[in-house]
Amino acid sequence: MKRKLGILITLVLCLTMIAGIAPAQAEGAKTYATPELVLRFPEINAEAGDVGKMLFKFADLVNERSNGRIKVEIYCGGQLGNEGEMIEQLRLGVVDFMRINPANLSTRGIDVPEYSAMGLPYLIQSVEGGLAYLYSDSGKAIADKIAVASGGEILSMYSYIVTTPRHMYTKTLITNLDEMKSQKIRSETSEIKVDMINCWASATPLAFNEIYTALQTGVIDGAENPFHGYRDNAWYEVAPYCLLTGHAIGASVFMVSAVTWDKFTDEEKPMVIAAMQEACDYFQGLQDEGIAAVEADLVAKGVTFTEPTDKQAWIDACAPLYAKYAAGLDAFIADIQSYK
């Protein structure tokens with residue numbers, strides 16, 4: 001417990017230093033022709049997507065601001081395993097950083113109830129509202145729980161991204177909830193995500209890197225993701241129909257292994273956090289600037305976009321999820337939904 005408290009105090013001190021952080025390349029600072037510290041950042045998304053671009057931005061910032069002492073290697077496309085495997089590697093310091101949907105943490109052995117509830121559909125009201133909440137005092141208090149829930153092995157970097165709304169992508173044209181009920185739709189493997197898809201369809205849990213082949217072979221009839229993920233992973237090639245459900249606005253939290261954190265100098269700790277937050281801002285800019293272009297690109301690739309004829313029915317079907325996953329979290333639900 002003392003170690004956990006010490007870690008949290010250090011992170012708080014780092015956060016207070018970020019606003020006034022000076023570049024590491026001060027006059028007379030040592031530069032490194034060869035890095036002394038080589039770190040690994042795994043990712044399930046493709047390198048060409050906005051998440052991949054953001055991670056390479058982070059790597060560049062850290063390398064530059066450490067004067068070459070720290071090199072961050074990025075492994076996209078699930079090269080280092082699936083999400084469950086990556087988080088176990090993070091605990092041990094085999095990998096050093098990780099991005100994860102907060103709703104998936106409990107499935108990975110880090111039980112933070114508020115984060116689990118963030119997997120609820122129609123919870124986050126907008127991209128801007130989600131970011132404002134996560135960076136608020138309320139959001140920081142929840143992030144503090146990662147260190148405790150992981151036994152001090154994994155720490156929050158107090159850095160977040162919020163993606164554009166998620167929609168349904170199917171192999172055949174679907175226009176309403178009744179038609180969707182017969183579809184096998186890929187879900188993430190966390191319990192709340194499985195239950196969410198089961199509100200509307202038949203959930204088929206699959207790893208991210210299995211989606212394309214599963215669509216191609218008929219194992220699933222569809223999947224759900226923001227426009228960027230749909231385009232960047234080429235799912236439109238095998239599921240050319242998009243039903244604009246807007247059922248979830250997803251978030252990601254960024255974490256660092258405690259083993260890795262202890263390798264940084266006192267000057268490097270706030271620098272690394274600041275670099276992560278700057279990279280997150282870069283991601284949001286890519287999303288804001290690119291969403292119209294991505295949609296136009298998908299239309300050009302032959303995607304058919306359809307508005308559901310019964311949007312309220314989709315919302316009403318989720319009521320049992322709130323009863324199951326938000327019990328005792330009324331204040332949290334009201335708080336996060338107040339950020340429009």
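What radius of gyration does the protein chain have, and what would a compact globule with 340 residues have? The protein chain has 20 Å, which agrees with the value near 20 Å that a compact globule of 340 residues would have. Please bear in mind throughout that this is a predicted model.

**The whole chain**

Begin with the entire protein chain in a cartoon display. The secondary structure comprises 16 helices and 11 strands. Along the principal axes, the C-alpha atoms occupy a box of roughly 65 × 45 × 35 Å.

Next, show the contacts. Among those in the protein chain with a separation of 6 or more, 78% join residues 24 or more positions apart.

**Surface and interior**

Switch to a surface display. The protein chain exposes about 13900 Å², and carbon and sulfur atoms supply 53% of that area. Of the 340 residues, 56% are buried.

Now colour the charged residues.

Select α10 (211-217) and β8 (222-225), then the loop between them, where D221 lies. Is D221 buried or exposed? D221 is buried, yet it has no salt bridge. The salt-bridge criterion requires a side-chain nitrogen of Lys or Arg within 4 Å of a carboxyl oxygen of Asp or Glu.

Finally, display the surroundings of D221. Leaving aside residues up to four places away in sequence, D221 touches Y169, T170 and K171, together with S182, Q183, K184 and L215.

Notes
Residues numbered from 1 in each chain as written. Predicted model: local features only at pLDDT ≥ 70, side-chain atom pairs only at ≥ 80, totals over all residues. Heavy atoms only, no water. Helix = DSSP H or I, 4+ residues; strand = E, 2+ residues; numbered from the N terminus. Rg over C-alpha atoms; globule rule 2.2 N^0.38 Å. Buried < 20%, exposed > 50% of the residue type's maximum accessible area, 1.4 Å probe, protein only. Contact = heavy atoms within 4.5 Å. Areas by Shrake-Rupley, 256 points an atom, 1.4 Å probe, with all protein chains shown as cover. Lys, Arg positive; Asp, Glu negative; His and termini not counted.
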